[in-house]
Amino acid sequence: MSYDIVIRGGTVVTAGDTFCADVGIRGETIAAIGVDLDGDRVLDATGRLVLPGGIDSHCHVEQLEGDGSVHEESFASAARSAFAGGTTTLIPFAPQFKGQPIGAHAAEYAARAARSPIDYALHQIITDPTEAVLRGELPGIIAGGVRSLKMFLTYDPFHVTDAEYLKVLAVAKRLGATVCVHCENYEAIRWRSAALLRAGRPEPASHALSRPKVVEREATHRAIALAELVDQPIHIFHVSCAEVAEEIARAQARGVKVTGETCPQYLVLTAVEMARAGREGAKFMCSPSPREAGDAEGLWAAIRAGTLDIISSDHCGYSYEGPNGKAINGETADFTRIPNGVPGLAARMAITFSEGVAKGRITANAFVALTATTPAKRFGLYGRKGSIAPGFDADLVIWDAGRAVTLTNALMQHAIDYTPYEGLEVTGWPLMTLARGRVVMEDGRVTVPEGQGRFVAAELSPDARPRGLVPGGFDAALVD
Ligand code: URP
Ligand code: ZN
Ligand code: ZN
């Protein structure tokens with residue numbers, strides 16, 4: 001029996017196992033895992049790891065913002081960068097703006113996404129949960145395979161009140177959806193930001209001072225407590241430090257269904273970078289803020305304990321130069337008017353492998369779980385995405401575990417004019433990426449055929465199923 005492609009002689013790594021085998025691909029799918037497989041095309045993986053393609057379950061791509069700007073990273077350039085870094089599925093965000101239905105931008109975002117060269121699922125941002133949105137729009141959106149909602153507890157055009165958050169939790173519980181939360185305290189940040197500006201401190205470094213750990217910790221605690229009240233599972237995005245992970249761990253120990261992710265920026269960057277001269281610090285500005293040296297070790301401990309079980313990039317396509325990115329409000333804009341977020345699609349897998357596996361903090365299996373398998377399970381894509389097994393999409397990476405690489409912006413292959421990881425030394429790098437059986441990256445040369453990416457409709461993740469435990473046995477979410 002012959003296959004279209006055989007990846008021969010590599011060490012296959014899944015979240016659970018490591019073994020030497022060939023992988024046989026027929027069409028777009030993994031057809032066999034065995035020994036001495038024959039193929040029309042044979043890819044030699046001797047001495048290399050064979051991994052499931054990465055799933056970046058939190059990234060911002062060609063996303064419309066409240067000020068009318070669009071993230072500079074298009075689906076085409078995001079695909080190029082993702083493939084370059086060994087990622088084969090993205091989960092970006094469809095927008096909603098206050099005072100508007102979701103439908104106001106749904107067709108436009110769907111049209112952008114339809115040109116995607118990379119497979120994608122979607123999260124739906126909810127900023128204005130009116131009755132019309134909750135009853136009229138969300139049931140169709142969720143039934144259509146967008147089964148995760150993001151809510152922001154801060155940010156001026158986006159933040160929801162506790163009352164609005166509760167309403168969305170209740171609807172998510174009734175309809176079956178994962179709720180993802182950006183946890184920072186809105187009023188606390190506004191209060192400290194205003195004081196910093198009054199004190200004459202408009203520079204990028206003030207970003208970190210405006211939102212210290214306790215601001216994130218309080219909102220995380222509140223997000224979890226309200227989710228516990230509703231008995232709706234939640235996933236906490238971009239956890240920046242151990243103190244926040246501790247809130248999650250305490251709730252998990254009580255049996256509350258809360259999960260969390262962190263991102264490479266919290267593993268290798270610190271707030272010190274934002275104090276660079278001039279506005280250069282804006283390159284490192286993201287929310288929550290990168291913390292202090294030493295905080296990364298606490299995050300790795302939380303990862304090893306399973307408290308945090310996904311590493312996403314939270315990629316944001318804002319260039320440093322030019323009028324559409326970090327300087328959209330002018331080169332002298334104060335820290336409250338500089339767009340938040342850093343690019344990281346191509347760097348995510350390499351930094352996680354290098355800091356995690358190469359430095360002995362986690363196993364290669366844990367790396368696969370963090371970057372592919374758990375994101376697939378959490379967001380309802382497992383069965384097609386996130387592992388190496390017959391019947392799964394042939395999304396695969398041939399990985400050189402020993403390759404030493406110095407990260408540069410050119411290696412990122414994104415549309416953005418900088419990487420916050422410039423000069424970072426990593427060990428471990430993708431040599432080849434296959435997306436649904438097509439070789440899309442070979443030795444850094446990327447092919448991105450427009451429209452080849454498919455929308456992957458998410459199923460209800462077991463992680464999003466409520467426990468069936470509500471205070472006093474009274475389920476307010478079920479009262480219409
Ligand atoms: O700074 C960040 N993280 N920007 C992107 C939007 C978000 O909060 O995820
Ligand atoms: Zn966020
Ligand atoms: Zn984000």
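Burial is judged here by relative accessible area, computed with a 1.4 Å probe on protein chains only: buried means under 20%, exposed over 50%, and partly exposed in between. The structure is a predicted model, in which local features need pLDDT of at least 70 and side-chain atom pairs count only at pLDDT 80 or more, while totals for chains, interfaces and linings use all residues. Residues are numbered from 1 along each chain as its sequence is written, chains are lettered from A and ligands numbered from 1 in the order in which they are written, and side-chain values use heavy atoms, with hydrogens and water left out.

We can begin with the metal site. Lys150 (NZ), His182 (ND1) and His238 (NE2) coordinate the zinc ion (ligand 2) at 2.1 Å. Donors are N, O and S atoms within 2.8 Å of the metal (3.2 Å for Na, K and Ca), and since water is not among the atoms, sites may look incomplete. Along the chain, the donors of the zinc ion (ligand 2) have the spacing K-x31-H-x55-H. Lysine 150 in strand β11 (residues 148–152) and histidine 182 in strand β12 (residues 178–182) are 32 residues apart, and the pair links distant parts of the chain. Helices (H or I, at least four residues) and strands (E, at least two) are DSSP runs, numbered from the N terminus. Lysine 150 is buried at 1% relative accessibility, and histidine 182 is buried with a relative accessible area of 1%. A separation of 4.0 Å lies between the zinc ion (ligand 2) and the zinc ion (ligand 3).

Charged pairs come next. With a salt bridge taken as a side-chain nitrogen of Lys or Arg within 4 Å of a carboxyl oxygen of Asp or Glu, the count comes to 41 salt bridges. One of them joins glutamate 28 and arginine 436 (3.1 Å, N to O). Glutamate 28 sits in the loop between β2 (18–26) and β3 (29–34) and arginine 436 in the loop between β17 (425–435) and β18 (438–442), so this pair ties together parts that are 408 residues apart in sequence. Glutamate 28 is partly exposed, at 31% relative accessible area, whereas arginine 436 is buried at 3%.

A salt bridge also connects lysine 173 with aspartate 475 (2.8 Å, N to O). This pair links distant parts of the chain, with lysine 173 in helix α4 (residues 162–175) and aspartate 475 in the segment after β19 (445–446), 302 residues apart. Both lysine 173 and aspartate 475 are buried. In the salt bridge between glutamate 292 and lysine 213, the closest N and O atoms are 3.7 Å apart. Glutamate 292, in the loop between α9 (264–268) and α10 (295–304), is 79 residues from lysine 213 in helix α7 (residues 213–230). Here glutamate 292 is partly exposed at 49% and lysine 213 is buried at 18%.

Finally, helix α8 (residues 242–253) deserves a look. Val244, Ala245, Glu247, Ile248 and Ala251 are buried in α8. Seen down the axis, the buried residues fall within an arc of 150° (taken from the directions from the helix axis to the C-beta atoms), so they line one face of the helix.
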